[in-house]
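Trainee: I would like to learn how to read this model. Please take me through it feature by feature.

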Amino acid sequence: MGLFDNAVPGGNITKPLMIALGALLVGKMLSGRNAEQPEQSPAPAPTGPAPTETTSADGGLLGGLGGLLDKLRDAGHGNTADSWVGTGQNQPINANDLGTAIGPQIIREIAQRTGMDEQELLKQLSTALPGIVDRLTPNGQVPQQHQVASAFNS
């Protein structure tokens, strides 16, 4: 998988897990649209926190990587999320804490799309996200959404 090699403990990124990560971070795997295709009707630019329902195709369910990090911060896991972006040691996150931060509706939708059980999905995401976010932010900076989408296309 290139960029994501060794990002997950054990090095095993399954197709359902990649679908889940894509749904959260880029949205391209949600409905068969790729990241460059616009929605049927353009949505206005968000002015507040990331919405909890499905957002634009290129922003994932939470508004992309930045939206995911904001959700984690809003749920009290800012230090953990920041450790993934920063250049130091990645702090782990409990699967239930991740589920609470992302929200049950989003988890349910991703689980349905991947065919995974919600608890197994959360377990795998909580294991994978620290390394994946770390790989997407090598210089401690959150990349532009098109850069995240490019990482998933490579």
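**Reading the fold**

Mentor: Along the sequence, the protein chain runs α-α-α-α-α-α-α. Helices are DSSP runs of H or I with at least four residues, strands are E runs of at least two, and numbering starts at the N terminus. The count is 7 helices and 0 strands. This is a predicted model, where local features need pLDDT of at least 70, side-chain atom pairs count only at pLDDT 80 or more, and totals for chains, interfaces and linings use all residues. Residues are numbered from 1 along each chain as its sequence is written, and side-chain values use heavy atoms, leaving out hydrogens and water.

Trainee: What pLDDT does the protein chain average?

Mentor: pLDDT is the predictor's confidence in each residue, from 0 to 100. The protein chain averages 77, and 69% of the residues score at least 70. Residues 29-58 have pLDDT below 50, and this stretch has 39 contacts in the model beyond near neighbours in sequence. A contact means heavy atoms within 4.5 Å.

Trainee: How many of the residues count as buried, as a percentage?

Mentor: Buried means under 20% relative accessible area, exposed means over 50%, and partly exposed lies in between (1.4 Å probe, protein chains only). Of the 154 residues in the protein chain, 45% are buried. For the surface, accessible areas come from the Shrake-Rupley method with a 1.4 Å probe, and for residues only the protein chains shown count as cover. The protein chain exposes about 7,900 Å², with 47% of that from carbon and sulfur atoms.

Trainee: Which residues touch the most other members of the largest nonpolar core?

Mentor: A nonpolar core is a set of buried Ala, Val, Leu, Ile, Met, Phe, Trp, Tyr and Cys residues, joined through side-chain atoms within 4.5 Å. The largest one here has 39 residues, and Leu25 and Leu125 touch the most other members. At least two residues of this core come from each of α1 (15-25), α2 (64-74), α3 (78-85), α4 (95-102), α5 (104-114), α6 (118-136) and α7 (145-153). The most come from α6, which gives 8 residues.

Trainee: With which residues is Leu125 in contact, leaving aside neighbours within four places in sequence?

Mentor: Leu125 contacts Leu17, Ala20, Leu21, Leu24, Leu98 and Pro130. Several of these bring us to α1. Among the buried residues of α1 are Leu17, Ala20, Leu21 and Leu24.

Trainee: Why is α1 largely enclosed by the rest of the structure?

Mentor: Count its buried residues. In α1, 9 of the 11 residues are buried, so the helix is largely enclosed by the rest of the structure. Those buried residues pack against α2, α4, α5, α6 and α7.

Trainee: How should I read contacts by sequence separation?

Mentor: Take pairs at least 6 apart in sequence. Among such contacts in the protein chain, 69% join residues at least 24 apart. Gln147 and Val26 are 121 residues apart in sequence, yet 9.8 Å apart C-alpha to C-alpha. Gln147 is partly exposed, at 42% relative accessible area.

Trainee: Is His77 buried or exposed?

Mentor: Start with its place: His77 sits in the loop between α2 and α3. His77 counts as buried, with 16% relative accessibility. Not counting residues up to four places away in sequence, His77 touches Leu72, Ile93, Asp97 and Ala101.

Trainee: How many salt bridges does a search of the whole structure find?

Mentor: A salt bridge puts a side-chain nitrogen of Lys or Arg within 4 Å of a carboxyl oxygen of Asp or Glu. The search finds 3. One joins Arg113 and Glu109, with closest N and O atoms 3.0 Å apart. Both lie in helix α5, 4 residues apart, about one turn of the helix. Arg113 is partly exposed at 42%, whereas Glu109 is buried at 15%. Elsewhere, shared partners join Asp70, Arg73 and Asp82 into one network of salt bridges.

Trainee: What are the N to O distances for Arg73 with Asp70 and with Asp82?

Mentor: Arg73 meets Asp70 at 3.4 Å, N to O. For Arg73 and Asp82, the closest N and O atoms are 2.8 Å apart. Arg73 and Asp70 are 3 residues apart in helix α2, so about one helical turn separates them. Relative accessibility is 34% for Arg73, 39% for Asp70 and 36% for Asp82. Arg73 is partly exposed, as is Asp70, and Asp82 also counts as partly exposed.
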